[in-house]
Amino acid sequence: MSHVTSIFIDLVRVETRLYNAVSSRLRAEQGLGLGQFEFLEIIDRVPGCRVLDIAGEVAITVGAVSKAVDRLVAAGWCQRVAHPEDRRSSVLRLTSAGEEQLSASRPIVESELVALTAPVPPDDLARIAPTLAALRATLEAGHHGQPG
């Protein structure tokens, strides 16, 4: 096995375990999973956010995002509003309940990630951050890993 393959396997296993652990704590304390948190965070951060924006950022299908957004709407955390220039499209907005949920969830996500990464020296985390950001940017710029 090449060193790139073993690095990839480690990266995937670390991501999976971090994701599952953070999601589990978030679900226990706030009643939502990390995927829902991520969607709420994107809707909050992206002006005029549409389902397509979320799909592009998290690299999953528009259909999967649309179904997940339907669940956020049903939970009362976001709403679909007619797009001002394109009536065939909707803009996503957090409701006040969604804003409260996001505000209450952010410190939980942060504290769990801090706790889970505590065994790694901060300088090591700081060194790996630009490498991961560069790899992510390269993959996103080349549209690698997009569904379909």
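The model is predicted, so local features need pLDDT of at least 70 and side-chain atom pairs 80 or more, while totals for chains, interfaces and linings use all residues. Residues are numbered from 1 along each chain as its sequence is written, and side-chain values use heavy atoms, leaving out hydrogens and water.

Ser 23 sits in helix H1, residues 3-30 (helices are DSSP runs of H or I, at least four residues, and strands are runs of E, at least two, numbered from the N terminus). Now show Leu 34: its backbone nitrogen lies 3.0 Å from a polar atom of the Ser 23 side chain. Beyond four places in sequence, Ser 23 touches Leu 32, Gly 33 and Leu 34 (heavy atoms within 4.5 Å).

Next, select Ile 43, Ile 54 and Val 69, the residues with the most contacts inside the largest nonpolar core, which has 24 residues (buried Ala, Val, Leu, Ile, Met, Phe, Trp, Tyr and Cys joined through side-chain atoms within 4.5 Å). H2 (34-45) supplies the largest share of this core, six residues. From Val 69, look for its contacts with Phe 39, Val 51, Ile 54, Cys 78, Arg 80 and Leu 92, residues up to four places away in sequence not being counted.

Finish on H5, whose buried residues are Gly 98, Gln 101, Leu 102, Ser 105, Ile 108, Val 109 and Glu 112. These buried residues pack against H1, H2 and S2.

Note on methods: Polar contact = N/O pair within 3.5 Å; in protein donor to acceptor, adjacent residues only side chain to side chain. Buried < 20%, exposed > 50% of the residue type's maximum accessible area, 1.4 Å probe, protein only.
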